[in-house]
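Please examine the structure shown here with its sequence at hand.

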Amino acid sequence: MDAKKVLEFAKEKGVKAVDIRFLDYPGLWQHFTVPICQLKEDSFEDGFGFDGSSIRGWQPINASDMLVVPDASTAKMDPFFKEPTLVLIGDIQDPVTRENYSRDPRNIAKKAQAYLTSTGIGDTAYFGPEAEFFIFDDVRFESKSNGAFYSLDSEEGIWNSGKDEGPNLAYKPRHKQAYFPVPPMDKLQDIRTEMMLTLEGLGIEIEAQHHEVATAGQSEIDMRFAPLVQMGDQLMWFKYVLKNVACRHNKTVTFMPKPLFEDNGSGMHTHISIWRDDKPLFAGDKYAGVSEMALYAMGGILKHCGALCAFSNPTTNSYKRLVPGFEAPVNLAYSSRNRSAALRIPMYSASPKAKRIEFRTPDPSCNGYLAFSAMLMAVIDGIQNKLHPGDPLDKDIYAMSPEDLKDIPSAPGSLNEALDALEKDHEFLLKGDVFTQDAIEMWLSYKRKHEVDPVRLRPHPYEFFLYYDI
């Protein structure tokens, strides 16, 4: 859809307002709304001005003016607003030079796709994230100088099995046993279906929805794979739709990786493949039916996994899920079928078009544009430098002894470790000017100042249980 067709579409739909959206650096959608009369054909070139100093991780106050330029191809009708509202995702530019902004995540994703094409390796990188999430009924938290707490509740929570609910009808999934019973144990079927149908109404193809392993409403809705930039857009719509459908039902959705103690966290297993001229390049006659290129791609991810985690697992809470010895893909190995490896080759179909690699370490707290771009750059680096991943690991990693595991590297154990890894290993991200040095330095600085240090400085409630009487 071009600018002219967008205006025709808006007239056809009786649009009264236009919502312009873009992403801040950590990964939260931002927006402002203009009346439809303000949207003209030249708006798609001239853009709209805004204050960049108020966006996390962006401009200083002395250089705050920025432009957001709507992308006509992203036009969709908002499914939640009362008045007919057209949504346009925008790209960020400097108003003086009209250059694309180096810290705009969508710009980084566009440059990653362009770099892939420039290498001649392929012309399309497909991504298929499986973003897990929780649907809760009540969430309260507070952090003060003299106290802190959080409290979560769900009608499905197994901790409510003894609660007087007048009456309590039971059917609450036990810890790690919620994959995936039918109703009445699964109480969220209709909400997930509403989420799924709303996404499909936006043109986002869905493969399945289901309950996930944890008690208390852990769920998953799978989007069909799409090219990098398109999937970055879709992941933002995905989070937006799920949160708003939940609010309609007086519930709340979180993509926080590890909200519950003693149960599974939420991951975002990400399927990756590269194609050229509509032909899949990861299918071949090597291990598990993959090509040599796919093996090198896995070698790139395994080599750079520490740095990748700074984008794919970008919160301090991410590392409450990525704990060695538990059911999390922290061991840097690859395998077919084996879900205990960080990289898996799915074996559901023998079709060459279905052949891809699955990176299981990421979680849904990430900024999709940045995470997918970093993954693609690691894949490209692996292919360019023929980084073979070694032998596959088809054993159950969780059943292996410490002696057997000693030579298998692990993902970082904390956000600070991941940031240190990124600081040491980011040359592969700078190729093609995809990630700039400025963008990486801002990511490191922002994460350390606003997330790592604030968490590190605060007493943890469990420390009182451990240490108060010493």
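The paragraphs below describe a predicted model.

An angle has to be over 145 degrees to count as roughly antiparallel. The handedness of the crossing of helix 6 and helix 8 is right-handed. On the helix 6 side, the contact is made by M293, Y296, A297, G300, I301, K303, H304, L308, F311 and S312. Helix 8 meets them with L370, A371, A374, M375, A378, V379, D381, G382 and I383. By class, the residues of this contact of helix 6 with helix 8 comprise 13 nonpolar, 4 polar and 2 charged.

Helix 8 also packs against helix 5, residues 228-248. Here the angle is about 150 degrees and the axes are 9 Å apart. Helix 5 is therefore roughly antiparallel to helix 8. The crossing of helix 5 and helix 8 is right-handed. From helix 5, the residues in contact are L228, V229, M231, G232, D233, L235 and M236. Their partners in helix 8 are G368, Y369, F372, S373 and L376. The contact of helix 5 with helix 8 divides into 8 nonpolar, 3 polar and 1 charged residues.

How many cavities of 30 Å³ or more are counted? The count comes to 1. The largest cavity holds about 30 Å³ of space. The classes represented in the lining of the largest cavity are 5 nonpolar, 1 polar and 2 charged residues.

Open space is considered next, in the second largest pocket. The volume of the second largest pocket is about 1200 Å³, and 48 residues line it. Of these, E130, E132, E212, H269 and R360 lie nearest the centre of the pocket. Two or more lining residues come from each of strand 7 (124-136), strand 10 (206-211), strand 11 (218-223), strand 14 (268-276) and helix 7 (318-321). Strand 7 provides the largest share of the lining, 6 residues. The lining of the second largest pocket contains 17 nonpolar, 10 polar and 21 charged residues.

A cis peptide bond connects G166 to P167, with omega about 5 degrees. P167 is situated in the loop between strand 9 (147-153) and helix 4 (189-201). A cis peptide bond also joins P183 and P184, where omega is about 10 degrees. P184 likewise falls in the loop between strand 9 and helix 4. D277 is a residue other than glycine with a positive phi, near 55 degrees.

Key
Residues are numbered from 1 along each chain as its sequence is written. This is a predicted model: local features need pLDDT of at least 70, side-chain atom pairs count only at pLDDT 80 or more; totals for chains, interfaces and linings use all residues. Side-chain values use heavy atoms; hydrogens and water are left out. On a 1 Å grid over the protein atoms alone, a cavity is a set of points where a 1.4 Å probe fits but cannot get out, and a pocket is an open set with protein on both sides within 12 Å along at least five of seven lines; lining residues have an atom within 4 Å of a point. Grid points are joined across faces, edges and corners, and a volume is the space filled by probe spheres set on the points. Helices (H or I, at least four residues) and strands (E, at least two) are DSSP runs, numbered from the N terminus. Ala, Val, Leu, Ile, Met, Phe, Trp, Tyr, Cys and Pro count as nonpolar, Asp, Glu, Lys and Arg as charged, and the others, Gly among them, as polar. A crossing is left-handed if the near helix is turned anticlockwise from the far one by less than a right angle, and right-handed if clockwise. Contact means heavy atoms within 4.5 Å. Axes are lines fitted to C-alpha atoms, for helices over the stretch in contact, and angles run from 0 to 180 degrees between N-to-C directions. Angles under 35 degrees count as roughly parallel, over 145 as roughly antiparallel, 65 to 115 as roughly perpendicular and the rest as oblique.
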